[in-house]
Amino acid sequence: MKKVIVAIMALVFGAVNAQEVANDSVKSISIDSLQQAINLHQLKFDALNEQISPLQEQVDKMAKLKISGYIQAQFETYDTWNAGIHGVSPVTGTAPITNSFSIRRARVKFTYEALDGVKFVLCPNFEIDRVRLTDVYVMLNDRWTNTFSLWIGLFNRPTYEVEFSSASREFAERSLFTRILYPQERDQGAKLEANFMTKYEIPLKLQVAVLNGNFATGSAANQVKDVDNSKDVMARAVYSLKFPSKGLGIDFGGLGYFGNNEVITQTATPAIFTDENGNKFTPKVGDNLKKEWYGAEMQVYYDFLGGTSFKTEYVRGTLSGFKAADFPTQVNTLFTNNNKVRDIEGYYLSLIKNVGKDHMLSIRYDVFDPNTKKSGNEVATIDDLKFKDWTFAYQYFFDENIKIMLSYTMPLNEKSANPAITNPDFANVDHIDNTLTLRFQAKF
Amino acid sequence: MKTTKLKAALIVMVVMGIGFSFTAINKVTVKGSDTMVILSQKWAEVYMKKNPGASIQVTGGGSGVGLAALINGSTDIANSSRPIKTSEVEKLKARYNTMGVEIPCAKDGLSIYLNKANPVSSLTLKQIGQIFAGKITNWKEVGGADASIKLYGRESSSGTFGFFKDNVVKTDFSPSCQTLPGTAAIVNAVKKDRNSIGYGGAAYAEGVKDCGVKKDDKSPAILPTAATIKSKTYPITRYLYMYLKSKPTGETKAFIDWILSPAGQGLIEEVGYYPLK
């Protein structure tokens, strides 16, 4: 019996043991299959990784290209049509055009940052009848101190109002003296900028630019290369003060423009010029006529019931003007002082107030005197009349991309009873030339 | 006459525009730094419990994204783990005519994460910069094993990326630095790879080891601890900021005042950062 019991127990033990062995073998298979599944997924992940890596490289390259731009479409009503501003002269003998829709800007800016500190910028402006390049430059930043940057190409001349984009500007147009002294705002050349804030925490910015100096004078074909050998030099310094506890920031600085207009041709009967004092002279080919001025600027930002700013710039110096008929290559159509060298002065004062998040009100008084040596009845030509412009503007920021601007400009010219002024529009009267602009801007 | 009617119509449009835009919404939106999301959400949650009428909406996206949202008007507060850039202040000046308002609200230390099996335990700031710039590529160059260094970092929109680049790397990151979406992902990657190195908030260092950081060859290695970060003896210490367009008012002011009060500052260490005082 004992033998039978031992035999049964041995059998049962064997069966139990066999079951455990069977269980173990199932577990072993399960782990292997799990391992296989993991390996299979690992292979799939590796394959995906291989596929994604080149795509990632492409995405990284694409991320170096930034595209921005804006469109400004507007409706304007004018008291009179001013061909100099609006670009199209009315047909003689027809009724003047007093209102118009127009596309003011349609710009797309491509910025490619090849490496940290190397930027290529290309910004075409699309117009109804042509495409014009506005900004085209290479910018090299110094990688070691993050302080200096070198710009080469076509870029904004370094002044506050010129560099402040028209997409952000509080008024429909820049002040009169900026438009006259810096036609089309840009010029071709090289610019060295030093910003001591990043590395040294000194809020000082210095800019020195060497420019062809003839951009936007004469026809568009002139803009390809310089028309003379002389170059213009601009230098500007801006220092920023911050008083965070008072919500106050003040930027102030100065600039100098050192250039000249070289007489590159003369007419068969040599054209006679007048100098700053009204004395006549006949310049020879190769003579340099003065084009230099000094200026100062200040922008004050104050956080009082929302943002408030006061901005001003002042310039005083000498500018020479060429007559379109005699010197078509060099004429600045906005400086109508034909064949004259003149002491000039210009400034603006503007006050801007944000109301809530979406509204901005602004007012500007700007002055340009094309001949500081004469005033009142001494002024014997329209070209020498001083202009004082008032501009009132309101902006509504519809969303982050769209804003609507209503701007009203009232140019007031100096009155001169000098009988030499015979044009009835200006003879001892203020020329009626106010403009109301309703502008829609989409920015991306 | 036509012109008069036109001008009148324009004025009516403007008045209507003003009327519609003054609709009051009593909600505060906070956007920006991913590093600060948990902290900011904690603040919002506790503040809303104490002030049932308040609505604080917190989202991340990165410091750069938050500051861009502040500039374009789509957020009231931008959280940033780096100081605002000059170019961003210029945009605030152009759009809002203010310099912006900077409010430091907490302190943080950036840890250098190493795998626990890595024999290297300390590095100088210069060595860390050179490693992430790709100038040092093998651990043996800094006293470790003969193995290539695997780099993990954040996306360029991240304030942590910006702060680390400006203060440690000081040049371009190595192209081989793999960007990951968030500090937790970096910690996870370093945990798995013994030859890897990453950076991120000191609070996230779980399952990895913190690398001691030396200011230079002669300085002692400092680990990112509460004491060294608070006292700023740890070399990679930073402030966490909130930025506003202009001085806060209403609910935004109340929320910020509360964050800077002992009640708000008291919550900071719970989520792994350090109070201002």
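Chain B holds ten helices and eleven strands, where helices are DSSP runs of H or I with at least four residues and strands are runs of E with at least two, numbered from the N terminus. The model is predicted: local features need pLDDT of at least 70, side-chain atom pairs count only at pLDDT 80 or more, and totals for chains, interfaces and linings use all residues. Residues are numbered from 1 along each chain as its sequence is written, chains are lettered from A and ligands numbered from 1 in the order in which they are written, and side-chain values use heavy atoms, with hydrogens and water left out.

**Chain B overall**

The C-alpha trace of chain B spans about 85 × 45 × 30 Å along its principal axes. Its accessible surface is about 12400 Å², with 56% belonging to carbon and sulfur atoms; areas come from the Shrake-Rupley method with a 1.4 Å probe, and for residues only the protein chains shown count as cover. Of the 277 residues of chain B, 52% are buried, meaning under 20% relative accessible area, against over 50% for exposed and partly exposed in between. Among contacts (heavy atoms within 4.5 Å) in chain B with a separation of 6 or more, 73% join residues 24 or more positions apart.

Chain B carries 36 positive and 21 negative side chains, and the centres of the two sets are 5 Å apart. Lys and Arg count as positive and Asp and Glu as negative, while His and the chain ends are not counted. Each charge is placed at NZ of Lys, CZ of Arg, CG of Asp or CD of Glu.

Helix α3 of chain B covers residues 63-72, and its buried residues include Ser63(B), Gly66(B), Leu67(B) and Leu70(B). In an α-helix there are 3.6 residues a turn, so residues three or four places apart point the same way. The cover over the buried residues of α3(B) includes β1 (28-32), β3 (77-80), α4 (86-96), α6 (159-169) and β11 (237-244) of chain B. After α3(B) comes Gly73(B), with a positive phi near 90°.

Lys150(B) lies in strand β6 (residues 150-153) of chain B. Lys150(B) counts as partly exposed because its relative accessibility is 29%. Leaving out residues up to four places away in sequence, Lys150(B) touches Gln178(B), Asp193(B), Asn195(B), Ser196(B) and Ile197(B). Leu92(B) is 58 residues from Lys150(B) along the chain, and their C-alpha atoms are 39 Å apart.

Strands pair if DSSP finds at least two bridges between them.

| Strand | Partner strand | Bridges |
|---|---|---|
| β1(A), residues 65-78 | β18(A), residues 435-443 | nine bridges |
| β17(A), residues 402-413 | β18(A) | eight bridges |
| β6(A), residues 186-195 | β7(A), residues 204-211 | seven bridges |
| β7(A) | β8(A), residues 232-243 | eight bridges |

In β18(A), Thr437(A) is the bridge partner of Glu76(A), and Ala442(A) is that of Ile402(A). Leu206(A) in β7(A) stands opposite Ala194(A); Leu206(A) also stands opposite Ala237(A) in β8(A).

Arg105(A) sits in strand β2 (residues 99-115) of chain A. Arg105(A) is buried but has no salt bridge, and the nearest side chain of opposite charge, Glu185(A), is 4.5 Å away. A salt bridge requires a side-chain nitrogen of Lys or Arg within 4 Å of a carboxyl oxygen of Asp or Glu. Not counting residues up to four places away in sequence, Arg105(A) touches Tyr70(A), Ile71(A), Gln72(A), Asn125(A) and Ser166(A).

Technical notes:
Buried means under 20% relative accessible area, exposed over 50%, partly exposed in between (1.4 Å probe, protein chains only).
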